[in-house]
Structure formats: C-alpha cells, structure tokens
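Subject: Structure handover

Hello,

I am passing the structure on to you. Please look it over first; my notes on what was found follow below.

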Amino acid sequence: MKHLLSFRQFIEPIKYGVGVGRVKVLETKLLSCHQLERLVEADDLEEQLRILAETGYGEFLEDVKTFSEVEEALENYLKKVFLFLSEVCPDEKALQFFQLKYDFQNIKAMIKEKYLQELPDDPFSQLGFLEVEELRNLIKKGNYQEIPEPYKTPTIKAIKQFEEKNDPQEIDIILDQALFEELFSIASFLKNDYLENIVKMMIDLANLKIFLRAKKLKRGRDFLEKAFLENGQVKKENLLEIFHEPLDALISLFEATPYRKILLNIISYGKVDLDFFDKLADDFILEFAKKAKLIAIGIEPLIGYVIAKENEVNILRLILIGRIEKVPKDKLRGRIRELYA
Amino acid sequence: MESFINALSGFHWALLGAAAACIGGGIGSAIGITYIANVAGGIITEDPDKFGPMLPLVGIPGTQGIYGFITAVLVTVFFGLLGGSGPKLPTVVGFQVFLACMPVAFNCCVSAIYQGLTSVGAAPMIAKRTEEAGKALILPALVETYAVLSLIATILLLLSVKAGMG
C-alpha cells in the first residue's frame, strides 16, 4: 500500500523514462558468455579485435597493438559510458558516484609521485571528475586549498599524516576511508536502497579484505583498527575480537551472512587467496547489481548498466592484455569475472 | 443536501458531469501516455525498429481519454444539451446526470495513470524481445478492464436517468 501511494513512482517515469528505455535496449548488446569464450580462444590480439569489431568496442579498439593502447582505448570507451550516464541521468551525483574512485586513485598516485618520486604503475586515469594535469600541478606545487571538496580535506589530512609518520600506507588508508565515506553519502543523498546496499557491500568486502590482508601479512590489530571503514554492516568490534583466532573463526562469524560463501572459497587449509577474493567480491557485487534488471523504472537500471559496463571493460582488459602477455587460456578463464547479461 | 443540489441548475449539473468525465479521462490519459512515451522514446532512440511494436503500448493509456469524451457526447445527445433543451433540465435530473458521469471521471483518470505505469513495466519485454510485443500488451490491457467497466456503468446510469425522465 505504501508503495502504491508513494509519490516517487509517479515522478520516476518522467525523470528516468528515456534513460531506462535506452538502457533496456543497450543491455541486450552487452557481451555474452559465448563472445567472451571466443575472445579467450582467439590465438592473437588481431583475431580478438576482429571479434570485437562486431560490437560497440570496435571503433575504440581499431589498430591497437600494445598494452597501453588497449588501456587507453578501454578508458575512452568507459568515458563514453559515463557521458551516456550524464546525458540520461538527471542526478549529477550518480555520475560522481562512479568517478570518485578514479579521482581518489589519481590523488593517491600523485601524492606518492610527489613525496616518494614513485611513478604510478598505470597512467593517471582520465575517468575522474577532476582534470588530471590541473590536479597534478596543484599537488606538485602544494596548492591543496585549491582542490575542490570532497577531495581537499582528505588530501590535506593524508599529506599531513604522511609527513608526520613517513608511512605511505597512511595515504592509502585516509583516502580509501574518504572515498567510501563519500560513496555512502552519495547513496544516502539519493535516498536509494539499491545504491546504499551496494555501497554497504563494497565497504564490508573492503573491510574483510583489510582483515585478511592484515592476517596474511601478520600485521597487528592496530592496523585493522586504523584502516577499518565505517558505514558497513560488519562491525569493527566483531572483527577485532577474532583477530588472533584461526581463520575458521571468521567463517563462523559470517555463518549467517551472504559473505560466508566467499570466505569458504578463499580460505583453504588456513591459507588465504587474496587475488581470488577480489574476483569473488566483484562477482558478489555484480550479482546484487543484477537486481536492477527487474526494476521497471528508477535510477537502478542506469546504475546497474554502468556497473555492468565497468565489469565488462575489466573483463576485456584481462582478456586482451592476457593475450598480449601470452597468458595461458585456462589461467585466463579462471580470472574472468561473472557477466551482468 | 437539497440546498447543495439547488446551488446549480440542472443544465449546469449536467454540463459539470460531462466536463468532469472528459477532464478526468483526459488528465489520466495524458499522464499515462507521458510515462510510457518517455520509456518508448528511449527504446526507439537506441533501436528505431521498435517503433511499430511499441506504438500500441504507448497508445493504450489513451483510451480512457476517449471514454471521457464518449461520456460527454452521450450526455449532450441524451439530454439535448446541443438542441437547446438543456436549460429546461430539472435540477434533480441534472444532478443525477452528474453522478452518472462520476465512474468515468474518477476511474478513467486513475486507471490511465496506473496503466501508464504498467506499460512502463512491460516495455522492457519489447526492448529485449520484439516478438513478445503481444504479451507485453496484455499486462496493461488488464488495467483497461476497469476503465471499460466504468464506461459501461456510466452509460447504464445515463440510460436509467433518461428512462426516469420518461
């Protein structure tokens, strides 16, 4: 009854109608398992590009040959997806939701570049909200006050902490916490349960990873205490309580939660496979994101589509770069994430 | 109650009823079509070949506006509003005509809006599989039932009012 009379359902078809209509058609053009299998089976990059020429990726991947050209082409493709989202979604915050992680990733790399003369493994991402060269100059020259919020405060805090403790990990911890706080505040601002649940899952899975990494690298409880991300469903006290216990205690703690399956898959004989955890965590979030396909109207199908595209691009990156680096086909298959389609 | 009924003449009550039916159906249809037309616009932007299969789905919330219009025409025809005998209509009869128009006025307004929402829910079926257009149309068509029933009720009520006039 509450749903029948909610005002939202009368507004959303007008607000998101065109976007949802476009997304419902575009969802039919997402890569299928069959196409992925053909890509994995392809003998070289050229053959892969021939297969992709039939898809929307064709025009972006024309004549790419090297690792960096593939990266650039896929980044340009995602840029187009973000542009699509900005066209069809009247909530500016929705686009920011996706751009934030690229901005924070760039800021981390730029701070490390400045203080540690450490060149980033990957080039700076152009997918963020902030203009890369401008941001780089601001950080290089120390003009942090000119960085817009919500980036300014955590950047200043991260640099201050780093200067005090001389520990590069401080930069990652502070900026990760700021990123997830901002994602959560966007989900709350949009008052959308679907988005809020996704953020909570991301936070929980990130906390689980922090816990597992701390155990694996034999860090102390204080690392977990410091790096823990707020706003998730997993409580910090519960994780701290079992920190010194064997990993089985972690499985018992998550017995009644959906995360149990992930833990069972990555923990074997007291050892943890963190790479496999990343894959399972991505699959887990994608599985939840797929619920958007059942929602007739609202922001959910738009968000779900962009999540699907990001996932698809990540899979393609793995497959294309895997072929350039001559990774065996079976190994490649094992790394591939689930599909949204 | 009597003073309320006597606030308007029979002619005015009948006009009000006919206008309410037309306005209610019209508003509902306009909103319902806007909902589904938005989604259809998006689908057709990406795949212009879907225009044909989408059209019945976009058109279906429009029927309530037609029912409102039919009601208004029936009132003017049955009670001679065009022929000049309107001003002679007794107040009680005019009020009865007004009441007889209410099923269409309200039901068509609400059902057209909800039919638009149901069509929005059914549109992805066509976006994904054009061959399922028939099934997609059945779901909002079920909402139509109640608009049709309200039109039948209004017609029967108008006929009974006319029969009562002798």
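How many helices and strands does the secondary structure of chain B come to? The count is six helices and zero strands, and along the sequence the pattern reads α-α-α-α-α-α. Please keep in mind throughout that this is a predicted model.

Chain B

The C-alpha atoms of chain B occupy a box of roughly 60 × 30 × 20 Å along the principal axes. Chain B has 166 residues, of which 51% count as buried. Taking the contacts in chain B between residues at least 6 apart in sequence, 85% link residues at least 24 apart.

One helix pair in chain B was examined. Helix 3 (residues 51-59) of chain B and helix 6 (residues 133-165) of chain B have axes that come within 10 Å and cross at roughly 10 degrees. With that crossing angle, helix 3 of chain B is roughly parallel to helix 6 of chain B. Helix 3 of chain B contributes B:Pro53, B:Pro56 and B:Leu57 to the contact, while helix 6 of chain B contributes B:Ala133, B:Ala136, B:Leu137 and B:Pro140. By class, the residues of this contact are seven nonpolar, no polar and no charged.

Chain A

Chain A contains 17 helices and two strands. Its radius of gyration is 21 Å, close to the 20 Å that the globule rule gives for 341 residues, so chain A is as compact as a globular protein of that length. Along the principal axes, the C-alpha atoms of chain A fill a box of roughly 55 × 50 × 50 Å. Of its 341 residues, 35% count as buried. Among contacts in chain A between residues at least 6 apart in sequence, those that join residues at least 24 apart make up 61%.

The axes of helix 10 of chain A and helix 15 (residues 274-289) of chain A come within 10 Å, with a crossing angle of roughly 170 degrees. Helix 10 of chain A and helix 15 of chain A are therefore roughly antiparallel. On the helix 10 side of chain A, the contact is made by A:Asn197, A:Ile198, A:Met201, A:Met202, A:Leu205, A:Lys209, A:Leu212, A:Arg213 and A:Lys216. On the helix 15 side of chain A, it is made by A:Leu274, A:Phe277, A:Ala281, A:Phe284, A:Ile285, A:Phe288 and A:Ala289. These residues divide into twelve nonpolar, one polar and three charged.

Backbone and loops in chain A

- A:Glu149 and A:Pro150 are joined by a cis peptide bond, with omega about 10 degrees. A:Pro150 is in the loop between helix 7 (132-141) and helix 8 (152-165) of chain A.
- A:Lys191, not a glycine, has a positive phi of about 50 degrees. This residue sits in the loop between helix 9 (168-189) and helix 10 (193-216) of chain A. A:Lys191 has 9 other C-beta atoms within 10 Å and is therefore exposed.
- A:Asn231, also a residue other than glycine, has a positive phi near 80 degrees. The loop that holds A:Asn231 runs between helix 11 (221-227) and helix 12 of chain A. Because 16 other C-beta atoms lie within 10 Å, A:Asn231 is partly exposed.

A further loop residue is A:His244, placed between helix 12 (236-241) and helix 13 (248-253) of chain A. A:His244 counts as exposed because it has 10 C-beta neighbours inside 10 Å. The C-alpha atoms of A:His244 and A:Gly220 are 9.1 Å from each other, and the two residues are 24 apart along the chain.

Between the chains

How many residues does the contact take from each chain? Chain A gives 15 residues and chain B gives 18 residues. The side of chain A that touches chain B consists of eight nonpolar, five polar and two charged residues.

Regards

How values were computed:
Residues are numbered from 1 along each chain as its sequence is written. Chains are lettered from A and ligands numbered from 1 in the order in which they are written. This is a predicted model: local features need pLDDT of at least 70, side-chain atom pairs count only at pLDDT 80 or more; totals for chains, interfaces and linings use all residues. Two residues are in contact if their C-beta atoms, placed from the backbone, lie within 7 Å. Ala, Val, Leu, Ile, Met, Phe, Trp, Tyr, Cys and Pro count as nonpolar, Asp, Glu, Lys and Arg as charged, and the others, Gly among them, as polar. Axes are lines fitted to C-alpha atoms, for helices over the stretch in contact, and angles run from 0 to 180 degrees between N-to-C directions. Helices (H or I, at least four residues) and strands (E, at least two) are DSSP runs, numbered from the N terminus. Angles under 35 degrees count as roughly parallel, over 145 as roughly antiparallel, 65 to 115 as roughly perpendicular and the rest as oblique. A residue is buried if 20 or more other C-beta atoms lie within 10 Å of its own, exposed if 12 or fewer, and partly exposed in between; C-beta atoms are placed from the backbone. The radius of gyration is taken over C-alpha atoms; the globule rule is 2.2 Å times the number of residues to the power 0.38.
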